[in-house]
Amino acid sequence: MLENILTPIFHNVWTIDCPQKFLGMEIGTRMTIIRLKSGELFLHSPIHLTNDIPKKLNTLGKVTYVIAPNKFHHLYIGAYYTAFPNAEMYAVPGLDKKRPDLSFHVVLTNETVYEWREEIDHLVFRGIPLINEVLFLHRESRTLILTDLIFNFGSDLALTTKIF
Ligand SMILES: [Fe+2]
């Protein structure tokens, strides 16, 4: 089985990349992990939950916030309810209606001040109701976390992905 590699981005920010097919093309997907000053973890766009992921995350901190950052990135979040029963699950506007079975705890708005506000800024991006993406900015590392508003594929690509 493929091992999930934690890639450090900053001293309190990591990513894990994971294969993901879309319309038959390998485009990959990525979870971003932020450790707040409290030791709580903020998981952005949870990936397929394999056995090694909870172990890895538990060495970093306490999984507390799990974010589905747009209306397409909800495929794997269900398993995180079971693995991290005390975590709060956040949806973008409209995803709660698209996936009522997930019973999200919070639907993100621009008006609400969340507990992670001191360290992470967010913006519900209006104008593309199909995805309703929410952008996040980790202030300390100046890391802007986007999902489908921009793609960064790297250089080693299949031809079909290059064309896409
Ligand atoms: Fe995506």
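Reply: Gladly! Helices (H or I, at least four residues) and strands (E, at least two) are DSSP runs, numbered from the N terminus. By that definition the chain has 4 helices and 12 strands. This is a predicted model, where local features need pLDDT of at least 70, side-chain atom pairs count only at pLDDT 80 or more, and totals for chains, interfaces and linings use all residues. Residues are numbered from 1 along each chain as its sequence is written.

Me: Why is the chain called as compact as a globular protein of that length?

Reply: The radius of gyration is taken over C-alpha atoms, and the globule rule is 2.2 Å times the number of residues to the power 0.38. For 164 residues the rule gives 15 Å, and the chain has a radius of gyration of 15 Å, so it is as compact as a globular protein of that length.

Me: What makes strand 5 mostly covered?

Reply: A residue is buried if 20 or more other C-beta atoms lie within 10 Å of its own, exposed if 12 or fewer, and partly exposed in between, with C-beta atoms placed from the backbone. In strand 5 (residues 29-35), 5 of the 7 residues are buried. Of the 164 residues of the chain, 30% count as buried.

Me: How do you know that strand 5 pairs with strand 2 and strand 6?

Reply: Two strands pair if DSSP finds at least two bridges between them. Strand 2 (residues 13-18) and strand 5 run antiparallel and are joined by 6 bridges; Thr 15, for instance, has Thr 32 as its bridge partner. Another 4 bridges link strand 5 to strand 6 (residues 40-44), also antiparallel, with His 44 as the partner of Thr 32 there. These pairings belong to an open sheet of 7 strands in the order 1-2-5-6-7-8-9, with mixed pairing.

Me: What makes strand 1 and strand 9 edge strands?

Reply: Strand 1 (6-10) and strand 9 (106-107) each pair on one side only.

Me: Which residues have the most contacts inside the largest nonpolar core?

Reply: Such a core is a set of buried Ala, Val, Leu, Ile, Met, Phe, Trp, Tyr and Cys residues joined through C-beta atoms within 7 Å. The largest one has 32 residues, and Phe 42, Leu 43, Tyr 65, Val 66 and Tyr 90 have the most contacts inside it. Strand 7 gives the largest share, 4 residues.
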